[in-house]
Amino acid sequence: MNVLERFASVTTFAFDMDGVLTDGTIWVFPGNDFIRRMDMKDGYALQLSIKKGYRIAVITGSHSLPMQERLATLGITDFFQRVQHKKEQLDTYITQHKLNKDEVLYMGDDIPDYEVMQSAGIGCCPADAVTEIKTIADYISPWGGGQGCVRDVIEKVLKLNGHWETDAG
C-alpha cells in the first residue's frame, strides 16, 4: 500500500507549530515581542477538517498566546505548548481518544519531531524540513512550512474520503 492510500484512514492530524503551521520565521520587536507568520490556505483546511469531524492537535515546545488565539478561531482546542517530549504527548492523546496509531498523521520539520514522527501512523514533513526528518518521512509535501504544507496533507485526506468542498457559488 502506498502512502497516499494510507492517507484514507486518517482521522486525526497532529502538527508541530514552528516550521509547519508557521514558516519558522520569527520577527523580533523591542521588548522581546515577536510575530509568527501563517498561511491562510492552511487555516481554511484546518477549519474545514474540524467541521468534517477530524481531530486536530498541535504539539509544540514553544509558547504563544497569539497562536493559541488564532488556532482557537479555527476551532482547534487541542493545543499543547511547552511540550518537552512530543512523543509522550502524542501517545497520551492517542490513548485518551482511543485512537489507532494508523489513524494519526503527524507533520514535523526538525529534530524535536524525530521521535514523534516515528510514533504516528504516518509521518509527514514540509519541503523545507531538515534532512534528518526528510529521511524518516513517509510523505514530504512539496510545500514549505507555513506555506501550504498543512493544507496539502489535509486536502489529500479529505479528498480521499469525499470530504473536500469546493465553492460552486
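Colleague: Which residues line the largest pocket?

Modeller: This is a predicted model. In it, the lining of the largest pocket is made of Asn32, Asp33, Phe34, Ile35, Arg36, His63, Ser64, Pro66, Met67 and Arg70.

Colleague: Which elements give two or more residues to that lining?

Modeller: Strand S3 (33-38) and helix H4 (65-73) do. S3 gives the most, with four residues.

Colleague: How much space lies in there?

Modeller: About 160 Å³.

Colleague: And how do the lining residues divide into nonpolar, polar and charged?

Modeller: Four are nonpolar, three are polar and three are charged.

Colleague: Ser64 is on that list. What does Ser64 do at the end of H4?

Modeller: Ser64 caps the N-terminal end of the helix. One of its side-chain oxygens lies 3.1 Å from the backbone nitrogen of Met67. Met67 also lines the pocket.

Colleague: What about just after H4?

Modeller: Gly75 is there, with a positive phi of about 100 degrees.

Colleague: Back to the pocket lining. What does Phe29 touch, leaving out residues up to four places away in sequence?

Modeller: Phe34 and Ile35. Both of those are lining residues of the largest pocket. Phe29 itself is in strand S2 (residues 22-29).

Colleague: Is Phe29 buried, exposed or partly exposed?

Modeller: Phe29 counts as partly exposed, because its relative accessible area is 37%, between the 20% and 50% cut-offs.

Colleague: Now Ser62. Where does Ser62 lie?

Modeller: In the loop between S4 and H4.

Colleague: Which side chains does the side chain of Ser62 make polar contacts with?

Modeller: One is the side chain of Asp18, at 3.1 Å. Another is the side chain of Thr60, at 3.0 Å.

Colleague: What else does Ser62 touch?

Modeller: Skip residues up to four places away in sequence, and Ser62 touches Met17, Asp18, Arg36, Gln81 and Arg82. Arg36 is one of the pocket-lining residues.

Colleague: Where is Arg82 found, and is it buried or exposed?

Modeller: Arg82 is in the loop between strand S5 (78-80) and helix H5 (86-96). Arg82 counts as exposed because its relative accessible area is 58%, and the cut-off is over 50%.

Colleague: What is the phi of Lys98?

Modeller: Phi of Lys98 is near 55 degrees, again positive in a residue other than glycine. Lys98 is in the loop between H5 and S6. With 74% relative accessibility, Lys98 is exposed.

Colleague: Let's go inside. Which residues touch the most other members of the largest nonpolar core?

Modeller: Phe7, Phe13, Phe15, Leu46 and Ile154, out of 32 residues in that core. Several elements each supply at least two of its residues, including strand S1 (12-15), helix H3 (40-51) and helix H8 (149-160). H8 gives the most, with six residues.

Colleague: What is Phe13 in contact with?

Modeller: Leave aside its neighbours within four places in sequence. Then Phe13 contacts Ser49, Tyr54, Arg55, Ile56, Ala57, Leu105, Val153, Ile154, Val157 and Leu158.

Colleague: How many residues are in the second core?

Modeller: The second, separate core has 18 residues. Ala14, Ile59, Val104 and Val116 are among them.

Colleague: Last stop, Ser119. Is Ser119 buried or exposed?

Modeller: Ser119 is buried, because its relative accessibility is 8%, and buried means under 20%. Its place is in helix H6 (residues 114-119).

Colleague: Which side chain does the side chain of Ser119 join in a polar contact?

Modeller: The side chain of Asp91, at 2.8 Å. Beyond residues up to four places away in sequence, Ser119 touches Lys87, Asp91 and Lys101.

Colleague: And Thr77, buried or exposed?

Modeller: Thr77 is exposed, at 69% relative accessibility. Thr77 is in the loop between H4 and S5. Its C-alpha atom is separated by 16 Å from that of Thr11, 66 residues apart along the chain.

Key
Residues numbered from 1 in each chain as written. Predicted model: local features only at pLDDT ≥ 70, side-chain atom pairs only at ≥ 80, totals over all residues. Heavy atoms only, no water. 1 Å grid on protein atoms, 1.4 Å probe; cavity = no way out; pocket = protein on both sides within 12 Å on 5 of 7 lines; lining within 4 Å. Points joined across faces, edges and corners; volume = space filled by probe spheres on them. Nonpolar A, V, L, I, M, F, W, Y, C, P; charged D, E, K, R; others polar. Core = buried A, V, L, I, M, F, W, Y, C linked by side-chain atoms within 4.5 Å. Buried < 20%, exposed > 50% of the residue type's maximum accessible area, 1.4 Å probe, protein only. Contact = heavy atoms within 4.5 Å. Polar contact = N/O pair within 3.5 Å; in protein donor to acceptor, adjacent residues only side chain to side chain.
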